[in-house]
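The sequence and structure come first.

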Amino acid sequence: MTISRSRRLAAGALGAATALATLAMAPAAQAGTRDGQPPAYRDTSVTVGRLVLEPTERGYRGSVPLTVSYRGRGSADLQVTVAEPVAGAFADIDTDLPCWFGTRPGELRRDIHCGASAIRGGEHRTYTIDFEVLTSTRAYPMSVDGGAVTVQTRDAQPATVTDSFQTLFRSTTGSLRDPRPYVQDTRTDASVTAGAATLVRQPDGSYLGRVPVTVRYGGDAPHDMLQVETQLPAGVQLRGIEPGAVCAGTWCEVPGGRFMPGEERSVEVLVGAPAGTAPGDLGTGSIRLHAGFLFTELSDVDPSDNTAGFAVTAVDGAA
């Protein structure tokens with residue numbers, strides 16, 4: 001669907017009597033006034049194609065083209081806002097200015113606001129918006145509503161134009177016919193297990209060991225990342241995670257990015273103790289798993305398996 005609104009110059013001038021008669025006969029036009037002024041003619045059109053998500057080895061991927069046409073004089077600043085058809089699905093857009101995420105009240109879907117360089121009068125510009133849905137591929141097609149793009153042109157007569165787009169998931173057999181509704185999980189189904197840690201004395205007298213951790217993610221609830229929070233016995237410190245990922249304080253990001261439904265990853269949380277620590281049983285620690293999405297934590301279907309305990313022991317020689 002294309003939405004197009006053009007700015008036109010009124011031809012000729014109406015006399016006062018003619019104007020009053022016209023307003024009396026056209027209440028709908030009068031109702032369209034805004035702030036006591038007649039509605040401004042617009043000069044921006046927006047066209048968004050259909051989004052077809054193709055099955056891949058890791059969920060679904062697809063792109064939708066966005067064309068913006070501007071017929072105003074001079075130039076106008078642009079802002080593009082993408083309403084996700086599926087929560088967490090937005091992957092990228094090839095605008096030349098940064099994007100930022102916004103929440104939608106009562107929803108997990110996000111609005112992605114992206115700047116774009118100014119557009120000149122008579123210019124037609126095309127962008128590509130990429131999406132990725134990390135859900136298990138199906139042997140039947142699916143569909144979902146709610147995707148839309150809003151473009152704001154900021155000039156002497158600012159315009160805001162919105163165009164929605166259809167979203168289809170192609171089946172693993174290649175079909176798009178008779179799609180079923182796609183329903184995304186809204187609660188996570190994650191779990192974590194942990195093994196005992198043996199800290200070994202290092203040449204400088206300190207101790208270092210590893211906690212074997214396995215993280216599993218069930219379902220397709222949206223998430224930006226998974227994190228593990230460590231609670232350690234007195235004198236034992238978090239030293240990192242392998243494979244390498246960001247750690248801060250008692251927290252570490254689970255390496256590897258977002259999870260597919262049913263995916264498991266095994267990592268090692270590095271822990272240590274200072275020189276002078278007496279060998280032997282140092283106590284019990286725990287790992288708690290968190291699933292974050294847009295700076296919030298989603299509720300889990302079974303919080304009891306989001307925490308795992310483990311024993312910590314220090315030894316003089318090689319483990």
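## Strands E23 and E24

In this predicted model, strand E23 and strand E24 (residues 296-297) run antiparallel and are joined by two bridges. Phe-293 has Thr-296 in E24 as its bridge partner.

The hairpin formed by E23 and E24 has two residues between the strands. Leu-294 takes a positive phi there, near 50 degrees.

## Other partners of E23

E23 covers residues 280-293. It also pairs with strand E25 (residues 307-315), again in the antiparallel sense, through eight bridges. Gly-280 stands opposite Ala-314 of E25.

Strand E18 is another antiparallel partner of E23, with seven bridges between them. Here Thr-230 has Ile-287 in E23 as its bridge partner.

## Glu-229 in E18

E18 spans residues 225-231 and contains Glu-229. Is Glu-229 buried or exposed? Glu-229 is buried, and it has no salt bridge. The nearest side chain of opposite charge belongs to Arg-288, 4.5 Å away.

The side chain of Glu-229 does make a polar contact of 3.4 Å with the side chain of Gln-231. Setting aside neighbours within four places in sequence, Glu-229 is in contact with Thr-250, Trp-251, Ser-286, Ile-287, Arg-288 and His-290. Among them, Ile-287 is also the bridge partner of Thr-230.

Terms used: Residues numbered from 1 in each chain as written. Predicted model: local features only at pLDDT ≥ 70, side-chain atom pairs only at ≥ 80, totals over all residues. Heavy atoms only, no water. Helix = DSSP H or I, 4+ residues; strand = E, 2+ residues; numbered from the N terminus. Buried < 20%, exposed > 50% of the residue type's maximum accessible area, 1.4 Å probe, protein only. Lys, Arg positive; Asp, Glu negative; His and termini not counted. Salt bridge = Lys/Arg side-chain N within 4 Å of Asp/Glu carboxyl O. Polar contact = N/O pair within 3.5 Å; in protein donor to acceptor, adjacent residues only side chain to side chain. Contact = heavy atoms within 4.5 Å. Pairing = 2+ DSSP bridges.
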